[in-house]
Amino acid sequence: VMILRAPSDLKWLRQYRYLWLLGGISLTLLTLVFGTNPSGGEPRLWLGCCGIYFQPSEPLRLLLVAFLASYFADRLAFKWVEKQPSLILMLGPIILIWAISILLLFVQRDLGTGTLFLALLAVLLFIATNKWQVLLFTSGLMILGAAAGYMLIDIVQTRLQAWINPWIDPIGGSYQLVQSLIGIASGGILGRGPGMGSPGFVPAAHTDFIFTALTEEWGLIGAIAMLASFAIFISRGIKIAHHLHDPFDKMLASGLSLAFGFQTILIVGGVIRLLPLTGITLPFVSYGGSSLMTSFLALGLLLHLSNKTSPAPNDLGSLRHVHVGLNIAWMMIALTVGWWAVVQSEELTSRTDNPRRAYVERFEKRGRILDNRNDIISESIGIAGDYTRVYPSPSFSSVLGYNSPIYGLAGLEKSMDLTLRGETVYNPLDIVWSNVIYGHPPPGLDIRLTLDSQLQNSVYETMRNRRGAIVVFEPSSGDLLALVSSPSFNSNTINQDWEELTSRTDAPLLNRTTQSQYQPGMTLAPLLVAWGLEHNLIDLTQDIVGATNPIDIHGEQLECSISPPLTHSINIALALKLGCPSYFSEFGSHLGGEGFYEVIRTFKFDEAPALLLDSIQPDAFSLPSSPEDLKLASIGQGTLTVTPIQVARAFGALVNDGILPAFRLVDAIENPDGGWDRHPPQDTPLSIINAQVAQAVMDSTRKFNDNIRGFSFQAIIGKEGDHLYWFLGTNSEDRAIVVILEGESLVDVEEIGVSILSKRSSNASP
């Protein structure tokens, strides 16, 4: 009201420009001594006490615009272009303001205000002179200032790194930006609804990141509506400038409009990762008394100037160019918001570090995970608003993973997340309706696994205090009965144990069954024999000369796994049973690089089994470069590394009459009507060798008792000479096992394998 009633010529603002600007700068400099932060801590950019505070840099922006408008009106008067002034005279004010901006940057760590000052000065000078060199020079100064800030100021370094690649450190320096993008993605096209968002998950959502909070609740449509409102508002301000004839009025209207535009573009562009993040407010929207007061003062001046317009415009071509540039910026921002809110929505909202998912699960019960006898192995307990995920048996931790509001999801909790949250299986309209009405999806659905809890617990206890992994499965059906990795962790205490778990050298968070790559050693021997029999290259009864000769592995001797009998001859079948490497080294060499690769490819060591677990993909296999390398590769001592689950699948083909099993981990999924729908395997069984060939290889296994037979092999790890011990076994109850021990002995791995295969099967519920 005071500004609207002020004298129409605004002499009070024009003639005392130096005093106004000096006062604004002085107040800003006072923050270096008397600065405070109403919230406590840093940065201390406010002055005041007793509950009343203001931020001098906000009115300083307005005073700077008034000063520049008066400066250009008096000194340039739009005739400077005709006199062709030297570039130094034009750029002098820019250098001065740049110095002030750098001072603010280094002293107050205020990157946003300094950037805004410099951009305003450069564009106003461009409007006055229509010389594009001004913009080029200013861009160079901005880059120089950013480089200096990056090297010397930690917050600038953090923000630039977050802008370049926020995904490197999503829970550290990039947390604020990553959560902002997730919030925008959560809004989608229509938004979650007024009051249905979760702005508290984005730090400073009420100030710097208010645009994120609004977009989450109002969606892409609401974001574009807000951007359009700003674009129209600023375009009206520029139109006022077009219809003003007094140079001061024209420059003041241009400066005020551009200040609104640049401030909006800088903060929104930073929030959506179009620009580096700067800590400034969104005009009229962000919380902040100083910002709101300054914005209304600027609006009052624009209204005051609009009363002085005339029908005939006094156009400046350079102002039109700036207006076009602003419109392009609005479109780029709108497209970027659409990219995050629509194109990347599913990928971002499904991230394990999206805390909104954990928040929803406190109110909507997550589905249970059951074993093959319908025993509960994971469930949410409590009351609505305080549901907590619990895991009755820690033996399943490496398979189930965890569901943490801090560290996200892993294991089956991650791969089956949509089902457990009720975001799939249901009719899509039911899911949309539930999200619109309640702000969350329908109730989560249960899943039933093929794993047997009694067997899993027993295997887990057997592996306690050991390093290695065990896979137990049914070769005919492909059902996985037990998956144990050791050492492991407890899913119930993942939040408390995280730092200790991630600092350990024995990798307890790693699921060794699907993610650890080991030297296969002599586990390749049965596969080579099967390949040789399939292609009529060998005869199992053929005697071998030098069958017991050891193989040198980096100075270590790889010998027969089992001491050979005192006999004058050993044939291929006996060499396989005893785990003697000499013959298989030579046979692999005889096959040649291409032939050996065909063996690897046939038994699918070049790909990970399709499971609903995080699995490491095999490295691209390179053919051995020399005959000696090929000999080592043929006995599993080359560059080829395998996971226990890959070995289990290959061994399963030998047990299952030459048919490579398709592993199943999830048996069934609850449907919305309360029944169960069988979950198909992720892959299909594949016949890779003749059934008679597979039987011939299995006839060469060692018999540990009337019911159990298998192979036990060893491998040498690298130049240190550490040993790995493998056991591949099966029993008459259509159960097979693969055991890998890091260290210990061949006797230990055999005892573990035989002990587990000796346990009686439990009857699974249909």
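## Salt bridges

A salt bridge is a side-chain nitrogen of Lys or Arg within 4 Å of a carboxyl oxygen of Asp or Glu. By that criterion, the whole structure holds 29 salt bridges. The model is predicted: local features need pLDDT of at least 70, side-chain atom pairs count only at pLDDT 80 or more, and totals for chains, interfaces and linings use all residues. Residues are numbered from 1 along each chain as its sequence is written, and side-chain values use heavy atoms, with hydrogens and water left out.

One of the pairs is E744 with R466, whose closest N and O atoms are 3.0 Å apart. Helices (H or I, at least four residues) and strands (E, at least two) are DSSP runs, numbered from the N terminus. For accessibility, buried means under 20% relative accessible area, exposed means over 50%, and partly exposed lies in between (1.4 Å probe, protein chains only). E744 is partly exposed at 37% relative accessibility. R466 is partly exposed too, with a relative accessible area of 22%.

## Further charged pairs

R504 pairs with E500 in a salt bridge, with the closest N and O atoms 3.6 Å apart. R504 has 29% relative accessibility and counts as partly exposed. E500, at 41%, is also partly exposed.

K631 and E628 form another salt bridge, and their closest N and O atoms are 3.8 Å apart. Both residues belong to helix α26 (residues 627-634), where they lie three residues apart, about one turn of the helix. The two partners fall in separate accessibility classes: K631 is buried, with a relative accessible area of 19%, whereas E628 is exposed at 53% relative accessibility. Elsewhere, a network of salt bridges links E361, R366, R389, E413, D417, R421 and E423.

Two strands pair if DSSP finds at least two bridges between them.

Strand β16 (residues 666-670) is mostly covered, with five of its five residues buried. Strand β8 (residues 447-449) runs antiparallel to β16, and three bridges join them. Here R448 stands opposite A668 in β16. Strand β17 (residues 676-678) pairs with β16 in the antiparallel sense, again over three bridges. In that pairing, E670 stands opposite W676 in β17. β16 and β17 form a hairpin with five residues between them. In its turn, G674 has a positive phi of about 100°.

## Disulfide

A disulfide is a covalent bond between the sulfur atoms of two cysteines. The criterion used here is a pair of cysteine sulfur atoms within 2.5 Å. A search of the whole structure finds one. C560 and C580 form this disulfide, with their sulfur atoms 2.0 Å apart. C560 lies in the loop between β13 (556-558) and β14 (570-571), and C580 in the loop between α24 (572-578) and α25 (582-602), so the pair ties together parts that are 20 residues apart in sequence.

The torsion about the S-S bond of C560 and C580 is about 115°, so the disulfide is right-handed. C560 is buried at 13% relative accessibility. C580 is buried at 1%.

## Helix α27

Helix α27 (residues 644-655) has twelve residues. The expected span of a helix is 1.5 Å times one less than its number of residues. At 1.5 Å a residue, α27 should span 16 Å, and its end C-alpha atoms are 16 Å apart, which agrees.

α27 is mostly covered: eleven of its twelve residues are buried. Those buried residues are P644, I645, Q646, V647, A648, R649, A650, F651, G652, A653 and L654. D657 follows α27 and has a positive phi, near 55°.
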